[in-house]
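Take a look at the protein below. We will go from its overall layout to its aromatic rings.

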Amino acid sequence: MDNETLATEMIREIRATSKRWFIAFIVTLCLWFATIAGFILYEYYTIPIEEVTVENDDGNANYIGNDMNGDLYNGESTED
């Protein structure tokens, strides 16, 4: 009878220890995700937004024809 009590007591202790470790694992996992999310939000809100302007210098670079080569001709082409 004494062996059953010892075995039962050991199983209860193992269950309690396992439960504590599982809770510690879940808390650590949640904190890990919160850290990553916080870093992403910090980077998102601290990146400076710059305006990009495209200036037109009245250049003449036109694609002429359907020759499938993707050639760019500056100015007028000799092709019709």
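Helices, of at least four residues, and strands, of at least two, are DSSP runs numbered from the N terminus. On that basis the order of elements, read from the N terminus, is α-β-β. That makes one helix and two strands in the protein.

The model is predicted, and confidence deserves a look before any detail. Mean pLDDT for the protein is 79. A value of 70 or more is reached by 65% of the residues. Helix α1, residues 2–46, has the highest confidence, with a mean of 92. Strand β2, residues 73–74, has the lowest, with a mean of 57. Where pLDDT is low, predicted coordinates should not be read in detail.

Now the surface. How many of the 80 residues count as buried? The share is 0%. The protein exposes about 8,300 Å². Carbon and sulfur atoms supply 60% of that area.

Next, the aromatic rings. A search of the whole structure gives two aromatic pairs. Tyr44 and Tyr45 pair edge-to-face, with 80° between the planes. Here the distance is 4.9 Å centre to centre.

How accessible are these residues? Tyr44 and Tyr45 are both exposed.

Methods. Residues numbered from 1 in each chain as written. Predicted model: local features only at pLDDT ≥ 70, side-chain atom pairs only at ≥ 80, totals over all residues. Heavy atoms only, no water. Phe/Tyr/Trp six-rings, centres within 6.5 Å; stacked < 30°, edge-to-face > 60°. Buried < 20%, exposed > 50% of the residue type's maximum accessible area, 1.4 Å probe, protein only. Areas by Shrake-Rupley, 256 points an atom, 1.4 Å probe, with all protein chains shown as cover. pLDDT = per-residue confidence, 0-100.
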